[in-house]
Every structure is written in C-alpha cells, then in structure tokens.
Amino acid sequence: MSTKTGLTGSVFLSKLITQYAFIHEKTVGKTADEYIRQIGLRTGEWIEDFYGNREDDWSVNKYADVIVDLKNSIGGEFFISSITPEYVIVKADRCPFGEMVKDAPHLCNMTSSVFGGMASRKFGYGKVDLKKRIALGDLGCEVVIYFKPNEGVNGDVYENLLRTPENVDPFQWENETIVLLNEELRKSDELVIKLLDELESLKKHVDMEEMK
C-alpha cells in the first residue's frame, strides 16, 4: 500500500508529542511552560552522562559540540554559528519535531532548559535567548547561550541548579512536582476523553441521519 508521505516511527512520535503538548497547553495554560522546562532540565542532566562523567570539566567548545550533537541525534539539523568565551550561537535548518512543532511552539522551552541547564551545571550560569524559531514561522532557528550575567540581553536564566545525587535517576522527581504534573496531565486526559466522546456522539448522529 502506498501513502502520500512516508510514515515512520519518528514522524508518528513527533506528531503525537506535539499534539499532546498542544492539548496540554490549552488545558493548563502557562503552567505547561514550567512542565516542559522541568522535563528539559532533567533530560539535559540525563543526556550529560552520555558525553562523559558528571565531574568532567567542559570547555565552551565541548559544550557547543554536545548541544549540537544531541539535537542532530534526535533528528534536528543544528550547527555551530559562533563560539566565544562569553556565549555560543547555534542555528538550525530543521527542528527535531519538523514542521509539526508549529502546533506546539512552547516545546521550544525544552531546548531552552536543556541548553541552559547544561550551561548552569558546567559553567555555573546560563542564559538562553531563542532569537529565531521555526515554531513561530522563521525559516530556521537561532539560539544564543550566554555563560555570564548580562542585563542587556534577553533570555531565560538558569543558575544555581542542584544536580541529582549520584546513582539517582534524574527522572525520579520530588513528590510535590509529581503531584503537580499528575494534576496537569489529568486535566489534559479529561479533555481528550471529552473530545473522543463528542466525536463518538457525532458519528452516531451521522449514522442515524444516513439511515433515514
């Protein structure tokens, strides 16, 4: 059987994630940003273990190589645009979520928290400015990560982040965080169930009309 587009596991997963994120934002509003931020912080810490020991010191060049490699490993097309001791600029021609990220642009907060969290843990400070975003209609992404405070630039600030104790999974979240996220997910799930019920009701109505 032929299809109009190539359906792969990564395409399906990207669509599933972006649509769930879209519904999630509609049900819990701005709280969804913090939800995505927390996932990004923990994901970034988990990813660091793939690039050496947690105690390793990173140079700015190593940091830039890592954030580009991790994005490209999950389907993005990122590259280093500029490296200085004060900041790094990376750009992208493709988001790991593809064009589907436009359905849920707040997923960009995960890029911010992954990049910023890594900078904070390795250098003590990170400020991430998402200058251009495919999710908002730009042709490409441009992200600047600063390693020192600078009130003259925009961005999300990450500093004094506590590292998960050794031999503890970063995804073993605190009870308070779990309770909050479970409540948000419950609201999202209730909306999904309501939408499914409405679709089923509409289907039955259409079937009845066709039988007349």
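Let's start with Trp46. Its relative accessibility is 40%, so Trp46 counts as partly exposed. Keep in mind that this is a predicted model. Trp46 has an aromatic partner, Phe50. The two rings sit edge-to-face, 5.1 Å centre to centre, with 80° between the planes. Phe50 itself is exposed, at a relative accessible area of 59%.

Now a second pair, Tyr63 with Phe123. Again edge-to-face: 5.7 Å between the centres and 70° between the planes. What does this pair link? Distant parts of the chain. Tyr63 belongs to helix α3 and Phe123 to helix α4, and they are 60 residues apart. Is Tyr63 buried or exposed? Buried, because its relative accessibility is 0%. Phe123 comes out at 27%, so it counts as partly exposed.

How many strands form it? There are 5, and the sheet is open. Read the order as β1-β2-β4-β3-β5, with antiparallel pairing. Why is one side of β1 and of β5 left without a neighbour? Because β1, residues 77–83, and β5, residues 156–159, stand at the edges, and each has a single partner strand. On average, neighbouring strands are turned by 20° against each other, ignoring direction.

Look inside the sheet at β3 and β4. β3 covers residues 125–132 and β4 covers 141–146. The two run antiparallel, joined by 5 bridges. As one example, Val128 has Ile145 in β4 as its bridge partner.

Two helices go with this sheet. Take α3, residues 60–73. α3 packs on the sheet and touches β1, β2 and β4. Its direction makes about 165° with that of β1. Then α4, residues 108–123. α4 lies across β2, β3, β4 and β5, and runs at about 150° to β3.

Stay with α3 for a moment. Does its length agree with expectation, or disagree? It agrees. At 1.5 Å a residue, the 14 residues should span 20 Å, and the end C-alpha atoms are 20 Å apart. Which residues of α3 are buried? Val60, Tyr63, Ala64, Val66, Ile67, Val68, Leu70 and Lys71. Here is the background for reading that list. An α-helix has 3.6 residues a turn, so residues three or four places apart point the same way. After α3 comes Gly75, with a positive phi, near 110°.

Over to α4, and to Ser120, which lies in that helix. Its relative accessible area is 5%, so Ser120 is buried. What is Ser120 in contact with, once neighbours within four places in sequence are left aside? The list is Tyr125, Gly126, Tyr158, Glu159, Asn160 and Leu161.

Last topic: charge. Side chains of opposite charge can pair when their charged atoms come close. This structure holds 4 salt bridges. I'll go through some of them.

One joins Glu48 to Arg121, with the closest N and O atoms 2.8 Å apart. This pair also links distant parts of the chain. Glu48 is in helix α2, residues 31–48, while Arg121 is in helix α4, 73 residues apart. Both ends are buried. Glu48 has a relative accessible area of 2%. Arg121 is at 15%, and the cut-off for buried is under 20%, so Arg121 counts as buried.

Another is Glu45 with Arg54, at 4.0 Å, N to O. Glu45 is buried too, because its relative accessibility is 5%.

Then Asp129 with Lys131, at 3.2 Å, N to O. Where do its two ends stand? Asp129 has 11% relative accessibility, so it counts as buried. Lys131, at 45%, is partly exposed.

To wrap up, two links to remember. Tyr63 and Phe123 connect α3 to α4 through an aromatic pair.

Methods
Residues numbered from 1 in each chain as written. Heavy atoms only, no water. Pairing = 2+ DSSP bridges. Helix = DSSP H or I, 4+ residues; strand = E, 2+ residues; numbered from the N terminus. Axes fitted to C-alpha atoms, helices over the stretch in contact; angles between N-to-C directions. Contact = heavy atoms within 4.5 Å. Phe/Tyr/Trp six-rings, centres within 6.5 Å; stacked < 30°, edge-to-face > 60°. Buried < 20%, exposed > 50% of the residue type's maximum accessible area, 1.4 Å probe, protein only. Expected span 1.5 Å × (residues − 1). Salt bridge = Lys/Arg side-chain N within 4 Å of Asp/Glu carboxyl O.
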